[in-house]
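Please look at the sequence and the structure below together.

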Amino acid sequence: MKETVRYRLSKKEYMDIQTYYMVRKSNILKFCFALFVMGVILMVMGAVTENKIGGAWILVVFPIPYLAYVVFKIRNIAYTLYANDIKEWEITFDDEGVEAKAVKKDKMIKTVWEGIEKIWLNKNYVFIFLSKSVYIGIPRNQIKNEEIINDYIKKYSIKKPIL
């Protein structure tokens, strides 16, 4: 069994992949959620004990525009990086592993299945981590037979894909 996926990332896809990766790798969502919960707890405690805690509402409101700002900055950076990054890929899945070839460039990465660090799946993309920091984002709409990839994941006991 062999499956080859050839695709070219549009600027939007590239920005989506980079944004998802950066937001997920950072603890920004956890930080914003913790601030929000802390603010709600302080506001509820203030209402119950009748000792109003001044400024607790800021902890509830602040995470929303801050998170929007961070996502905007990440997308802005990804927009500028798009011009110099590799956009066209040919990924081959077979019994030996994953081979990622940059089309029109002399760059190729081959990783055996046991060397795959992890796989992230979301609604639109499959992220295959060839090491802790090297990953390939594949648009799901470009994969003709996703079952083959899922079979390899099961067959080689790769850490369960994280949704």
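The buried residues of α1 pack against β1 (3-8), α2, α4, β5 (118-121), β6 (125-129) and β7 (135-139). Packing here rests on contact, which means heavy atoms within 4.5 Å, and the elements are DSSP runs numbered from the N terminus, with helices (H or I) of at least four residues and strands (E) of at least two. The buried residues of α1 are Glu13, Tyr14, Met15, Asp16, Ile17, Gln18, Thr19, Tyr21 and Val23. Buried means under 20% relative accessible area, exposed means over 50%, and partly exposed lies in between, computed with a 1.4 Å probe and protein chains only.

All of this is read from a predicted model, in which local features need pLDDT of at least 70 and side-chain atom pairs count only at pLDDT 80 or more, while totals for chains, interfaces and linings use all residues. Residues are numbered from 1 along each chain as its sequence is written, and side-chain values use heavy atoms, with hydrogens and water left out.

Ala78 counts as buried because its relative accessibility is 1%. Leaving aside neighbours within four places in sequence, Ala78 is in contact with Tyr14, Met15 and Gln18. Ile17 lies 61 residues from Ala78 along the chain, yet the C-alpha atoms of the two are separated by 9.1 Å.

The 22 residues of α2 should span 32 Å at 1.5 Å a residue, and the end C-alpha atoms are 31 Å apart, in agreement with the rule. Which residues of α2 are buried? They are Ile28, Cys32, Leu35, Gly39 and Gly46. Seen down the axis of α2, these buried residues fall within an arc of 60 degrees, so they line one face of the helix; the arc is that of the directions from the helix axis to the C-beta atoms. The cover over the buried residues of α2 includes α1 (11-25), α3 (56-61) and α4 (63-81). On the other side of α2, Lys30, Phe33 and Val48 are exposed.

After α2 comes Glu50, which is found in the loop between α2 and α3. Glu50 has a positive phi of about 60 degrees although it is not a glycine. With a relative accessibility of 68%, Glu50 counts as exposed.

Strands β2 and β3 run antiparallel and are joined by 5 bridges, forming a hairpin with 3 residues between them. Strand β3 (residues 97-102) also pairs with β4 (residues 107-112), in the antiparallel sense, over 6 bridges. Ala100 in β3 stands opposite Ile91, and the bridge partner of Ala100 in β4 is Ile109. Ala102 has Lys107 as its bridge partner in β4. The hairpin of β3 and β4 has 4 residues between the strands, and Lys104 takes a positive phi near 70 degrees there. Because 5 of the 6 residues of β3 are buried, this strand is largely enclosed by the rest of the structure.

In β2 (residues 88-93) lies Glu88, which counts as buried at 14% relative accessibility. Not counting residues up to four places away in sequence, Glu88 touches Arg6, Tyr7, Arg8, Lys101, Ala102, Val103 and Lys104.

The whole chain has 5 helices and 7 strands, in the order β-α-α-α-α-β-β-β-β-β-β-α. The radius of gyration of the chain, 21 Å, is well over the 15 Å that the globule rule gives for 163 residues, so the chain is more spread out than a compact globule. That radius is taken over C-alpha atoms, and the globule rule is 2.2 Å times the number of residues to the power 0.38. The C-alpha trace spans about 70 × 35 × 25 Å along its principal axes. Of the 163 residues, 39% count as buried.

Methods:
The expected span of a helix is 1.5 Å times one less than its number of residues. Two strands pair if DSSP finds at least two bridges between them.
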